[in-house]
Structure formats: structure tokens, C-alpha cells
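Q: I'm new to this one and would like a close look at a single part. Could you walk me through it, and then show me what else is worth a glance?

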Amino acid sequence: MDPIAEAKRQWIAHGWADAADAMAAYSSVMRAHQLMYSRVDAVLKPLGLSYARLELLRLLSFTRDGALPMASASARLQVHPTSVTSVVDRLERDALVRREAHPTDGRATLVVLTGGGRKLVEEATTVLNAEVFAQPGIPTEDLRKMTAILARFRRESGDFTDPVQYPDPL
């Protein structure tokens, strides 16, 4: 039996029919998150990484110089600065990143990807792509629809705004 379907049935039976669909959707997304996170964690754990650590390494690897101010990393990853500091502490302890003074802003600290960090993030991404993302267990068209629905929900919840569309130049 699907416990979420049963919960929805109970919601309706107890007079909360107007909230039953949303309860089932929220519960489904939270359970799907647990399942997805478990798959990702199973791949990353043998490499000594968590998803948070991978995200920061991958973000740094996408930059031109492999470096970002800590505040920029926090904003781009949409996490509290304290969380970034904690992740950087662990990555620095493992010699995957290092902190450097910002060359032009005395108040800022850069997080810089090391050679070891670059090598590990490439390895982790290759394994994650092969073992999880290439075989997600959801048909491609459904993934696209799900991503669009969740993006709309995130936008309407204030998670992000669409970039300004400028007119074509004359």
C-alpha cells in the first residue's frame, strides 16, 4: 500500500478534502527527496563527499579561476553563510579548498579550489552522472515536466526571480 495515498484517504475521511491534494503532493515531494538523497549519498559517501560539499566544489570548478568570495558562494548555493563556512572548514581540512584574502576587498575571503579538489569533483561528477543522473528512474519527459512545475512553485514562493529581458538592440 502507498502510505501517502492512505494518508490522503484519511485526510478526506476526516473532513479535510480541500487540503488532501496538497498534503499528498507535499508528502510525495518530501519522500521523493529522501529517496533521491539516499541514492546520491550512496554514490558520494565512498568518495568522502556529501552533496553540500560536492555542490561547493562543483560551483568553484565552474568559475574562471576556481575561486569565489564566501558570500557569493552562499548566495549562489542559496544557503546561510554559516553553512558555507562549515562546508569550507571541512573541505579545507581535507585540502580540497583553501581560503585566501580577496585581492581588492579587504572584508572578503575567497574560497579557492585546489588541484586535489578539482580532481575529486571531476571524479565525483563522473560517478554521479553515471550511477544516478543517467538512470534517474523517471522518464525524461516527466523529469522535464517535474522540473518546470517545481521551478514555477519556487519562483512563486520567492526562491528566485526571472532575469530582466532586454529588448534586442536596434
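A: Setting aside its neighbours within four places in sequence, Ser74 is in contact with Val79, His80, Pro81 and Val84. You'll find Ser74 in helix 4, which covers residues 70–77. Is Ser74 buried or exposed? With a relative accessible area of 7%, Ser74 is buried, because anything under 20% counts that way. Keep in mind that this is a predicted model.

Now for a spot where two helices meet. Two packed helices are described by the angle between their axes and the distance between the axes. Here, helix 3 (residues 51–62) packs with helix 6 (residues 115–133) at an angle of about 115°, and their axes are 9 Å apart. That makes helix 3 roughly perpendicular to helix 6, since angles from 65 to 115 degrees get that label. The crossing of helix 3 past helix 6 is left-handed.

Who does the touching? On the helix 3 side, the contact is made by Tyr51, Leu54, Leu57, Arg58 and Ser61. Helix 6 brings Gly117, Arg118, Val121, Glu122, Ala124, Thr125 and Leu128 to that contact. Sort the residues of this contact between helix 3 and helix 6 by kind, and you get six nonpolar, three polar and three charged.

While you're looking at helix 6, pick out Glu123, which is found there too. Glu123 is partly exposed, with a relative accessible area of 40%. Glu123 and Leu47 are 76 residues apart along the chain, and their C-alpha atoms are separated by 8.7 Å.

Last stop: the aromatic rings. A pair of them is described by the distance of the centres and the angle of the planes.

Where in the chain do Tyr26 and Phe153 come from? Tyr26 belongs to helix 2 (residues 17–44) and Phe153 to helix 7 (residues 140–156), so to speak two distant parts of the chain, 127 residues apart, linked by the pair. As for how open they are, Tyr26 is partly exposed at a relative accessible area of 49%, and Phe153 is partly exposed at 45%.

Terms used. Residues numbered from 1 in each chain as written. Predicted model: local features only at pLDDT ≥ 70, side-chain atom pairs only at ≥ 80, totals over all residues. Heavy atoms only, no water. Axes fitted to C-alpha atoms, helices over the stretch in contact; angles between N-to-C directions. Helix = DSSP H or I, 4+ residues; strand = E, 2+ residues; numbered from the N terminus. Parallel < 35°, antiparallel > 145°, perpendicular 65-115°, else oblique. Left-handed = near helix turned anticlockwise from the far one by under 90°. Contact = heavy atoms within 4.5 Å. Nonpolar A, V, L, I, M, F, W, Y, C, P; charged D, E, K, R; others polar. Buried < 20%, exposed > 50% of the residue type's maximum accessible area, 1.4 Å probe, protein only.
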